[in-house]
Amino acid sequence: MKPSQMVEEEHRQIGRALRLIKIIAERMEVGGEIDPKMIDDLLFFLTEFADICHLGKEEQALFPAVEKKGDEFSRDFVKALLADHRVGREHIAAMVQANKAYDRGEFSAVESLTQAMLDYVSLATRHISAENGTFLDMLDGLFADDEAEELVKRCEKIEEELPAGRIQLLEILNRVNAQLKEA
Ligand SMILES: [Fe+2]
Ligand SMILES: [Fe+2]
């Protein structure tokens with residue numbers, strides 16, 4: 001597997017979570033009731049899979065490698081991607097806070113929760129599409145086969161250190177998807 005294939009596959013899974021979050025936010029916006037536990041489950045997925053696992057691989061292995069081998073354009077591009085990661089984490093923190101208030105029955109939390117969800121979805125969608133284009137081309141173009149292999153190994157090591165396994169995390173998406181269909 002090439003680093004670009006690994007990244008693209010994880011983007012596909014994160015994209016599934018983004019679609020679920022959007023459905024939830026849109027239902028809540030028109031007064032639909034959503035179980036806060038379902039949002040908690042998705043936030044757990046975003047924290048463990050999207051943030052610690054996926055962004056962890058990018059920030060600890062892939063971005064530094066691109067910065068080291070790439071030109072000024074690549075370094076500026078990575079800088080912009082890192083800025084997106086920071087904003088994305090702020091949106092996740094806002095969702096966590098707002099969902100706690102929503103869980104306590106605070107009606108006013110609905111607006112901040114849906115806003116944070118839609119802000120996150122729109123940022124992450126744009127970010128993923130930027131990475132799927134330019135960043136994956138960089139990953140494919142900059143590294144020789146042995147370097148690419150080494151990068152994938154470093155990424156796998158990051159994933160192995162996660163407390164929750166990938167199968168367990170992806171199962172959350174299947175479960176939420178099924179719950180949304182029932183509701
Ligand atoms: Fe990223
Ligand atoms: Fe990414």
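## Arginine 16

Arginine 16 counts as partly exposed because it has 15 C-beta neighbours inside 10 Å. Keep in mind that this is a predicted model. You'll find arginine 16 in helix H1, which covers residues 3-29. Serine 122 sits 106 residues away from arginine 16 in sequence, with 14 Å between the two C-alpha atoms.

## H1 against H6

What about the geometry? The axes of H1 and H6 are 10 Å apart, and the packing angle is about 30 degrees. So H1 runs roughly parallel to H6. The crossing of this pair is left-handed.

## The cores

Ala17 turns up again in the largest nonpolar core, a set of 29 residues. Ala17 is listed with Ile21, Leu42, Phe45 and Met117 as the residues with the most contacts inside that core. At least two core residues come from each of H1, H2 (36-69), H3 (72-103), H4 (109-142) and H6 (166-182). H2 gives the largest share, 9 residues.

Which residues does alanine 17 touch, leaving aside those up to four places away in sequence? Leu42, Phe45, Leu46, Ala50 and Leu173.

## H2 against H5

Two of those names, Leu62 and Leu151, come back in the contact between H2 and H5. On the H2 side there are Cys53, Gly56, Lys57, Gln60, Ala61, Leu62 and Ala65, and they meet Leu151, Arg154, Cys155, Ile158 and Glu159 in H5. The class count for the H2–H5 contact is 7 nonpolar, 2 polar and 3 charged residues.

Helix H5 spans residues 145-160, and its axis is 9 Å from that of H2, at an angle of about 150 degrees. Are the two roughly parallel or roughly antiparallel? An angle over 145 degrees counts as roughly antiparallel, so that is the label for H2 and H5. H2 passes H5 in a right-handed crossing.

Key. Residues numbered from 1 in each chain as written. Chains lettered and ligands numbered in written order. Predicted model: local features only at pLDDT ≥ 70, side-chain atom pairs only at ≥ 80, totals over all residues. Core = buried A, V, L, I, M, F, W, Y, C linked by C-beta atoms within 7 Å. Buried ≥ 20, exposed ≤ 12 C-beta atoms within 10 Å, placed from the backbone. Helix = DSSP H or I, 4+ residues; strand = E, 2+ residues; numbered from the N terminus. Contact = placed C-beta atoms within 7 Å. Axes fitted to C-alpha atoms, helices over the stretch in contact; angles between N-to-C directions. Parallel < 35°, antiparallel > 145°, perpendicular 65-115°, else oblique. Left-handed = near helix turned anticlockwise from the far one by under 90°. Nonpolar A, V, L, I, M, F, W, Y, C, P; charged D, E, K, R; others polar.
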